[in-house]
Amino acid sequence: MTSNETPRGPVDSSRTPRYAGPATYARLPRLDEVGSADVAVVGVPFDAGVSYRPGARFGGNAIREASRLLRPYNPAQDASPFALAQVADAGDIAANPFNINEAVETIEEAADQLLGTGARLMTLGGDHTIALPLLRSVAKKHGPVALLHFDAHLDTWDTYFGAEYTHGTPFRRAVEEGILDTEALSHVGIRGPLYGKQDLKDDEKMGFGIVTSADVYRRGADEVADQLRQRIGDRPLYISIDIDCLDPAHAPGTGTPEAGGLTSRELLEILRGLSSCNLVSADVVEVAPAYDHAEITSVAASHTAYDLITIMSRQIAEARSK
Ligand SMILES: N=C(N)NCCCC(=O)O
Ligand SMILES: [Zn+2]
Ligand SMILES: [Zn+2]
């Protein structure tokens, strides 16, 4: 979008019922309808990297369906994200379900192509394996990025069954590859049983700081967001959100649920506290609709993506006005 064009926004829900027609994210136009976008929402229906319950390949489309009720103005950030920037639905990346190495390459290439048009990515997973190729692509553009990772799990384990690319290992691979800024790595929402104490030692050696879900409960979202903002500074930031950071009461539809998680309110409030950060791209992963009820998980994921898109749109508009 050039500076004097008005972004094409969602279908008007006061004229076409919001439950009618095919689902794009937030009823936004498809990327091919607008040519180019400032923020591309892209699905990655891939879940061959999971260690437990499969089904996150259906996450992106479940999030799109659950996003039909989103409205154009976000009062929590005082912004109309789809008016400030062109946001469009870029469809899905067709990743090979039978060959993880090939899928990881395909995802990286597709991300390169979208980022190459100048768009920021709001990716809808898929399992957490997909964060690695997305980070590779983002780092090619921005250099090593700060990572804010919301999850019950560390995802810095080494291998499963000898496999390097799994949903429990993307961030160890990313650190090994030098694509993360190791001065600004944080996990939020961590809890639950580990394989051993060494998991925490290894994670700390890689440079990660941990905010557990109990820390969020005790200290509150505002204080946690302040601390994260200080750590991130003005570095290019990638936010990766595993929906299992939320308590199973708030996100039952996921593959590796752990008790004692964040509320969706806590997650959204922490994100809103980061609205001044330089968010270059983000993902929401691990929504597995087969275990969901009443779209609890996909609604939470659709709202999470909405606040992430709002952060990006505000920054795009601000940069344009300078
Ligand atoms: N990234 C997610 N959701 N889970 C990782 C769990 C790895 C394990 O089974 O130990
Ligand atoms: Zn997880
Ligand atoms: Zn994860």
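Select ligand 1 and the residues around it: Ser-51, His-128, His-153, Asp-155, Trp-157, Tyr-160, His-167, Tyr-195, Asp-242, Asp-244, Thr-256 and Glu-286. The model on the screen is a predicted one. Coloured by residue class, this shell shows three nonpolar, five polar and four charged residues.

Next, keep ligand 1 in view and show the side chains of Asp-155, Tyr-160 and Asp-242, which belong to the shell. Start with Asp-155: an N or O atom of the Asp-155 side chain is 3.0 Å from a nitrogen atom of ligand 1. Move to Asp-242, where an N or O atom of the side chain is 2.9 Å from a nitrogen atom of the ligand. At Tyr-160 the ligand atom is an oxygen, and a polar side-chain atom of Tyr-160 lies 2.8 Å from that oxygen.

Is Asp-307 buried or exposed? Asp-307 counts as buried, because its relative accessibility is 2% and the cut-off for buried is under 20%. Show the side chains of Asn-74 and Arg-272 as well. The side chain of Asp-307 makes a polar contact of 3.1 Å with that of Asn-74, and another polar contact, of 3.0 Å, with the side chain of Arg-272.

The next stop is helix H5, residues 131–142, where Arg-136 is found. Arg-136 has a relative accessible area of 14% and is therefore buried, the limit being under 20%.

Select helix H7, residues 198–205, and pick out Leu-200 within it. With a relative accessible area of 35%, Leu-200 is partly exposed, because this class lies between the 20% limit for buried and the 50% limit for exposed. Which residues make the nonpolar surface patch here? Leu-194, Leu-200 and Ile-210 make the patch, with an area of about 190 Å². The 35% of Leu-200 is over the 30% that a residue needs to be part of a patch.

Conventions
Residues numbered from 1 in each chain as written. Chains lettered and ligands numbered in written order. Predicted model: local features only at pLDDT ≥ 70, side-chain atom pairs only at ≥ 80, totals over all residues. Heavy atoms only, no water. Patch = residues over 30% accessible without salt bridge, like charges linked within 9 Å, V, L, I, M, F, W, Y side chains within 5 Å. Areas by Shrake-Rupley, 256 points an atom, 1.4 Å probe, with all protein chains shown as cover. Salt bridge = Lys/Arg side-chain N within 4 Å of Asp/Glu carboxyl O. Helix = DSSP H or I, 4+ residues; strand = E, 2+ residues; numbered from the N terminus. Buried < 20%, exposed > 50% of the residue type's maximum accessible area, 1.4 Å probe, protein only. Near = heavy atom within 4 Å. Polar contact = N/O pair within 3.5 Å; in protein donor to acceptor, adjacent residues only side chain to side chain. Nonpolar A, V, L, I, M, F, W, Y, C, P; charged D, E, K, R; others polar.
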